[in-house]
Amino acid sequence: MNDHAALYQAFCRRDTALDGLVFVAVKTTGVYCRPVCRVRTPMARNVHFYRSAAAAEAAGYRPCLRCRPETVPFCPAWKGTRCTVDRALTLIEAGALDHDGIDALADRLGISARHLARLFAAHLEASPSQIAQSLRIQRAKRMLDETDLPIARIASRAGFSSPRRMSATFVALYGRPPSKLRPRRPRAAQQQQGIENVG
């Protein structure tokens, strides 16, 4: 990305204007964050900036468990002159790549798959498939955090082809299976939820 020094200074200020537009990867930890994350500021030479969470993940970085950069929604800054990318993102968010391939998505947009790949590389530094994978992870992570649904149902609802595929993706990205990322709820809250479900 352009002007590493200016981006680094904005990161040091925790500039909220960059949130959703820039993702900060730290070479020494292998983790990427939102630019507003309150972790200790790494040295400039250890920082690399990406335009999307998917691009950082494709480069081998895993998301910060504190600021959860993989859950940042796509910024509306891509609208207007970049409407093809925006339309593609909307379709991908709706699950266009969960069952169909890149060719079908490109056909719906009226462009070639090669041109679609070029647009994504230019604007998001990631492929449509990487963006779709990042969104599946985001949906699954949200359900893990907010519901008690079984892992198999979360995998299906998030758009993964199978629970095994979801588990492998989580292990590759987080270093642990989805079940280990669930928040621990106090026993009283679990019992209360059980009572409400019975009633």
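The structure holds four aromatic pairs; rings of Phe, Tyr and Trp (its six-membered ring) pair if their centres lie within 6.5 Å, and planes under 30 degrees apart count as stacked, over 60 as edge-to-face and the rest as tilted. One of them joins Y8 and F11, an edge-to-face pair with 6.4 Å centre to centre and 65 degrees between the planes.

Before I go further, a word on the source: this is a predicted model, in which local features need pLDDT of at least 70 and side-chain atom pairs count only at pLDDT 80 or more, while totals for chains, interfaces and linings use all residues. Residues are numbered from 1 along each chain as its sequence is written, and side-chain values use heavy atoms, with hydrogens and water left out.

Y8 and F11 both lie in helix α1 (residues 4-12), three residues apart, about one turn of the helix. Helices (H or I, at least four residues) and strands (E, at least two) are DSSP runs, numbered from the N terminus. Y8 is buried at a relative accessible area of 12%, and F11 is buried at 2%; buried means under 20% relative accessible area, exposed over 50%, and partly exposed in between (1.4 Å probe, protein chains only). A further edge-to-face pair is formed by F23 and Y32, with 6.3 Å centre to centre and 70 degrees between the planes. Both F23 and Y32 are buried.

F11 has a charged neighbour as well: R14 lies over the face of F11, at 4.8 Å from the ring centre. A charge sits over a ring if NZ of Lys or CZ of Arg is within 6 Å of the ring centre and within 35 degrees of the ring normal.

Which residues of the largest nonpolar core touch the most other members? Of its 28 residues, they are Y32, I92, L105, L109, L116, F120 and I131. A nonpolar core is a set of buried Ala, Val, Leu, Ile, Met, Phe, Trp, Tyr and Cys residues joined through side-chain atoms within 4.5 Å. Helix α3 gives the largest share of this core, five residues. A second, separate core of 14 residues includes M143, L149, M166 and L181.

Let me close with the charged side chains. The whole structure contains seven salt bridges, each a side-chain nitrogen of Lys or Arg within 4 Å of a carboxyl oxygen of Asp or Glu. In one of them, R68 pairs with D145, the closest N and O atoms being 2.8 Å apart. R68 lies in the loop between β4 (62-63) and α3, and D145 in helix α7, so the pair ties together parts that are 77 residues apart in sequence. R68 is partly exposed at 25% relative accessible area, whereas D145 is buried at 19%.

D98 takes part in two salt bridges that I wish to show. With R136 the N to O distance is 2.9 Å, and this pair links helix α4 to helix α7, 38 residues apart. With R139 the distance is 3.2 Å, and that pair again runs from α4 to α7, 41 residues apart. R139 counts as buried at 18% relative accessibility, as does D98 at 19%. Finally, salt bridges that share partners join R68, K141 and D145 into one network.
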